Amino acid sequence: LAMPIVLFMVSLDPRTAMGMRHLGGWPLLNYLVFFVYGFVVISHAGLWLRVIGQRWISLCLGIASFATMYVIWRAHGNPAAGTVAQMQISGAFGFGGGCWVLAICGFGGKHLNFGRPGLQRANEAVLPFYVLHQTVLIVVGYFVVQQPMPDFLKWLIIGLASFVAIIGLYEFIRRVNWLRFLFGMKRVQTTQSTP
């Protein structure tokens with residue numbers, strides 16, 4: 001599963017539009033690969049069980065890949081695009097990243113597969129929280145970063161204030177059916193009382 005990721009990491013020049021690494025350290029095509037892999041693995045029970053069963057192998061390979069990447073980076077510094085050292089670092093990064101994703105999903109599937117009170121409600125809040133978070137963080141951050149205070153305090157205020165604002169917005173959204181629809185939640189059936 002990691003080979004297409006490694007291939008794109010090694011073969012796409014980071015100086016080009018398709019190979020640029022400014023969006024989280026990955027070429028754009030790798031995001032498509034991760035998306036397709038996620039869809040395929042989740043929709044096939046046998047593959048999902050295999051991911052869970054091989055979680056320790058994925059973890060060990062992820063650690064080994066990142067250690068290899070670090071050793072090469074320490075020996076060559078930050079190599080120029082197109083050099084052998086840069087391709088080795090990119091290949092180890094791509095392989096290790098794929099292994100880490102599989103390890104995280106495998107351990108999550110093994111140890112986080114349970115029901116708890118509130119889990120259903122938290123699950124429903126995931127998409128609205130995701131949609132709201134960046135806008136709220138930017139708005140809150142715009143006002144906080146201009147204040148003369150230590151950076152850690154700014155970070156703390158932005159994080160806490162944004163979290164409270166997002167939760168407040170979510171609580172409003174979840175009570176209005178047309179907003180629920182816009183944020184990817186199922187409509188709540190309202191019961192009508194009979195006279």
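Guide: A helix here is a DSSP run of H or I with at least four residues, numbered from the N terminus. Please keep in mind that this is a predicted model.

Visitor: Which helix gives the largest share of the nonpolar patch?

Guide: The largest share, 5 residues, comes from helix H2, which spans residues 28-43. Leu 32, found in helix H2, belongs to that patch, which covers about 600 Å² and also includes Phe 35, Val 36, Phe 39, Val 40 and Leu 47.

Visitor: Why is Ser 65 called buried?

Guide: Buried means under 20% relative accessible area, and Ser 65 has a relative accessibility of 8%, so Ser 65 counts as buried. Ser 65 is found in helix H4, residues 55-76, and, leaving aside neighbours within four places in sequence, is in contact with Ala 92, Phe 95 and Gly 96.

Visitor: Which elements give two or more residues to the largest nonpolar core?

Guide: That core has 12 residues, among them Val 136, Val 144, Ile 158 and Phe 183; the elements in question are helix H6 (119-144) and helix H7 (151-173), and H6 gives the most, with 5 residues. Val 144 touches Lys 154, Ile 157 and Ile 158, not counting residues up to four places away in sequence.

Terms used:
Residues are numbered from 1 along each chain as its sequence is written. This is a predicted model: local features need pLDDT of at least 70, side-chain atom pairs count only at pLDDT 80 or more; totals for chains, interfaces and linings use all residues. Side-chain values use heavy atoms; hydrogens and water are left out. Buried means under 20% relative accessible area, exposed over 50%, partly exposed in between (1.4 Å probe, protein chains only). Contact means heavy atoms within 4.5 Å. Patches are made of residues with over 30% relative accessible area and no salt bridge: like charges are joined within 9 Å, nonpolar side chains (Val, Leu, Ile, Met, Phe, Trp, Tyr) within 5 Å. Accessible areas come from the Shrake-Rupley method with a 1.4 Å probe; for residues, only the protein chains shown count as cover. A salt bridge is a side-chain nitrogen of Lys or Arg within 4 Å of a carboxyl oxygen of Asp or Glu. A nonpolar core is a set of buried Ala, Val, Leu, Ile, Met, Phe, Trp, Tyr and Cys residues joined through side-chain atoms within 4.5 Å.
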